[in-house]
Amino acid sequence: MIRLAIEAALEAGKFLKQSVGNIKTVETKLGQETNLVTEIDKKSEELIIGMIRNKYPDHDFLAEESGSHDRKSEYRWIIDPLDGTLNFTHGVPLYSVSIAVERRGEIVAGVVYEPNLGELFTVEKGKGALLNQKPIRVSKVDRLIESMLVTGFPYTIRDNPNNAVQHFVNMLMKAQGIRRLGSAAVDLAYVACGRFEGFWEVSLSPWDMAAGVLLVQEAGGRFTDFRGSASSVYGKQVLATNGLIHDALVGILERGFSEGVATSRS
Ligand code: IPD
Ligand code: CA
Ligand code: CA
């Protein structure tokens with residue numbers, strides 16, 4: 001299954017790369033003006049599901065564009081066919097394909113592929129995480145002021161869900177630096193390989209994080225909700241770090257919950 005996930009991610013990545021500059025339809029989703037979907041997202045998903053179904057016709061799927069296909073299998077493939085659609089539509093060469101395999105409710109394998117840099121992150125539960133076939137580990141930095149963090153914002157950011165804006169301000173004041181790359185799957189993969197010390201985001205979907213969270217865990221990092229409690233890929237909040245700065249980030253997030261911030265609606 002991991003081999004098939006890799007093949008499908010490489011194929012989809014090649015397709016995405018070829019399709020840049022050739023987008024014909026851009027639509028908005030869920031009534032949110034900034035939440036875009038193109039025909040390339042949909043075709044990438046069809047390509048991936050087609051390849052997997054060919055080999056495993058009875059498996060279940062949870063995929064961003066076509067939703068859930070439930071055949072009561074013990075296996076479920078969780079797919080984001082293009083993570084970083086906004087980057088993609090603007091020609092920013094940073095986006096990814098994320099594919100994870102869930103078995104009886106537990107994520108057991110995953111792939112995050114970034115086609116422009118040719119970086120393939122792969123992971124199998126209990127077998128460690130790899131970048132282009134070489135083992136990766138989270139960073140050993142334990143001071144916040146030496147930590148580079150990364151985050152993302154939901155399309156509903158103008159409603160400031162979970163005090164998202166306040167958390168961002170608070171993190172900015174404590175970390176060495178903060179980045180916003182535009183692909184949550186890549187953010188998590190970069191925590192796994194030690195480029196970032198930590199990642200948080202207030203509201204993600206399972207397809208954004210399923211492969212990335214296992215990458216972080218297998219690379220020696222920690223994944224919880226914002227209060228530091230065990231979470232799952234269905235839990236929305238993501239806090240994923242090298243483990244060493246985790247409690248410090250929980251402290252900052254806890255403070256952010258009690259603080260208010262002005263939003264466009266207030
Ligand atoms: C988005 C990206 C982004 C994150 C958003 C996601 P999409 O996924 O992962 O980094 O901040 O919350 O929705 O829409 O490009 O697949
Ligand atoms: Ca996504
Ligand atoms: Ca997507």
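The side chains of Glu119 and Arg195 meet in a salt bridge, at 2.8 Å from N to O, where a salt bridge is a side-chain nitrogen of Lys or Arg within 4 Å of a carboxyl oxygen of Asp or Glu. This is a predicted model, in which local features need pLDDT of at least 70 and side-chain atom pairs count only at pLDDT 80 or more, while totals for chains, interfaces and linings use all residues. Residues are numbered from 1 along each chain as its sequence is written, chains are lettered from A and ligands numbered from 1 in the order in which they are written, and side-chain values use heavy atoms, with hydrogens and water left out.

The protein chain is assigned domain 1 (2-135) and domain 2 (144-259), with bounds that come from an automatic or database domain assignment. The centres of the two domains, taken over C-alpha atoms, are 21 Å apart. Domain 1 brings 40 residues to the contact and domain 2 brings 25 residues, contact meaning heavy atoms within 4.5 Å.

Between them, domain 1 and domain 2 bury about 2400 Å², of which 65% is on carbon and sulfur atoms; buried area is the accessible area (1.4 Å probe) that two parts lose on being put together, summed over both. Of the area that domain 1 buries against domain 2, Asp83, Leu94 and Phe121 supply 19%, more than any other three residues.

Between the domains the count is one salt bridge, together with eleven residue pairs in polar contact, both residues at pLDDT 80 or more. A polar contact is a pair of N or O atoms within 3.5 Å; within protein, one must be able to donate a hydrogen and the other to accept it, and residues adjacent in sequence count only if both atoms are side-chain atoms. Among the elements that each supply at least two residues of the side of domain 1 that touches domain 2 are β2 (32-38), α3 (85-89) and β7 (106-114), helices (H or I, at least four residues) and strands (E, at least two) being DSSP runs numbered from the N terminus. The largest share of that side, seven residues, comes from β7.

Eight strands form an open sheet of mixed pairing, in the order β4-β3-β5-β6-β7-β8-β9-β10, where two strands pair if DSSP finds at least two bridges between them. Because β4 (67-69) and β10 (134-135) stand at the edges with a single partner strand each, one side of each is left without a neighbour in the sheet. β10 pairs with β9 in the antiparallel sense over two bridges, and Lys134 in β10 is the bridge partner of Leu131.

The structure holds 13 salt bridges, one of which joins the side chains of Glu64 and Lys29 at 3.0 Å, N to O. Glu64 lies in the loop between β3 and β4 and Lys29 in strand β1 (residues 26-29), so the pair ties together parts that are 35 residues apart in sequence. β1 pairs with β2 in the antiparallel sense over four bridges, with Val26 opposite Thr38 in β2.
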